[in-house]
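Here are my notes on the model, as numbered points. Please read them with the structure open.

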Amino acid sequence: MTRNIGIPITVPKKECTDKHCPFHGILSIRGKLFEGKVVSAKAKNTIVLQKESLVYFTKFKRYARSKNTIHAYKPSCIDVEEGDLVLTGECRPISKSVSFVVVEVKK
Ligand SMILES: [Zn+2]
């Protein structure tokens, strides 16, 4: 059975027995959402996401590019490839650097 995680998204069609899955496991999502592009999907259940944004420096009256990179957990019911646009939600820390989990893939 698929759980309602409280965000209006399309739920994955596949089912899994992953306990770190927000839809079929016991992981709850709270806090921030992070949307970014997949930079690396080489690890087994972890992906690397990057987001580019513009920051304004009032002193120089100019914009500078900034990058944010996070690691996110990928449950086994969601397939992700490099270059995909992915939405992740904050969860409890799964490992030292992973505290976000993939909830939706936007092509
Ligand atoms: Zn699942």
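This is a predicted model: local features need pLDDT of at least 70, side-chain atom pairs count only at pLDDT 80 or more; totals for chains, interfaces and linings use all residues.

1. Terms first. Two strands pair if DSSP finds at least two bridges between them. Strands (E, at least two residues) and helices (H or I, at least four) are DSSP runs, numbered from the N terminus. On these terms, Val98 in strand 5 is the bridge partner of His71.

2. Residues are numbered from 1 along each chain as its sequence is written.

3. Overall make-up. The protein chain has zero helices and five strands. Read from the N terminus, the order is β-β-β-β-β. Along the principal axes, the C-alpha atoms fill a box of roughly 55 × 30 × 25 Å.

4. Five strands make a closed barrel in the order 1-2-3-5-4, and the pairing is mixed. On average, neighbouring strands of this sheet are turned by 50° against each other, direction ignored. The axes here are lines fitted to C-alpha atoms (for helices, over the stretch in contact), and angles run from 0 to 180 degrees between N-to-C directions. Strands of a sheet pair through backbone hydrogen bonds, either parallel or antiparallel.

5. Strands 2 and 3. Twelve bridges join strand 2 to strand 3, and the two run antiparallel. Gln50 stands opposite Thr69 in strand 3. The two strands form a hairpin, with four residues between them.

6. Which residue in the loop between strand 2 and strand 3 deserves a look? Lys61 is found there. Its phi is near 50°, a positive value in a residue other than glycine.

7. Other pairings. Strand 1 (residues 33–40) and strand 4 (residues 85–90) run antiparallel and are joined by five bridges. Leu33 stands opposite Gly89 in strand 4. Strand 3 and strand 5 pair in the parallel sense, over two bridges.

8. The core. The largest nonpolar core has 16 residues. Such a core is a set of buried Ala, Val, Leu, Ile, Met, Phe, Trp, Tyr and Cys residues joined through C-beta atoms within 7 Å. Ile47, Leu49, Ala72, Val101 and Val102 have the most contacts inside it. Two or more residues come from each of strand 2 (46–57), strand 3 (62–73) and strand 5 (98–106). Strand 5 gives the most, with four residues.

9. Contacts. Two residues are in contact if their C-beta atoms, placed from the backbone, lie within 7 Å. Leaving out residues up to four places away in sequence, Ile47 touches Val38, Ser40, Ala41, Ala72, Lys74, Val80 and Val102. In the chain, residues 24 or more positions apart account for 51% of the contacts with a separation of 6 or more. Of the 107 residues, 22% count as buried.

10. Gly6 is found in the segment before strand 1. Is Gly6 buried or exposed? It is exposed, because 11 other C-beta atoms lie within 10 Å. The C-alpha atoms of Gly6 and Phe60 are separated by 42 Å, and these residues are 54 apart along the chain.

Technical notes:
A residue is buried if 20 or more other C-beta atoms lie within 10 Å of its own, exposed if 12 or fewer, and partly exposed in between; C-beta atoms are placed from the backbone.
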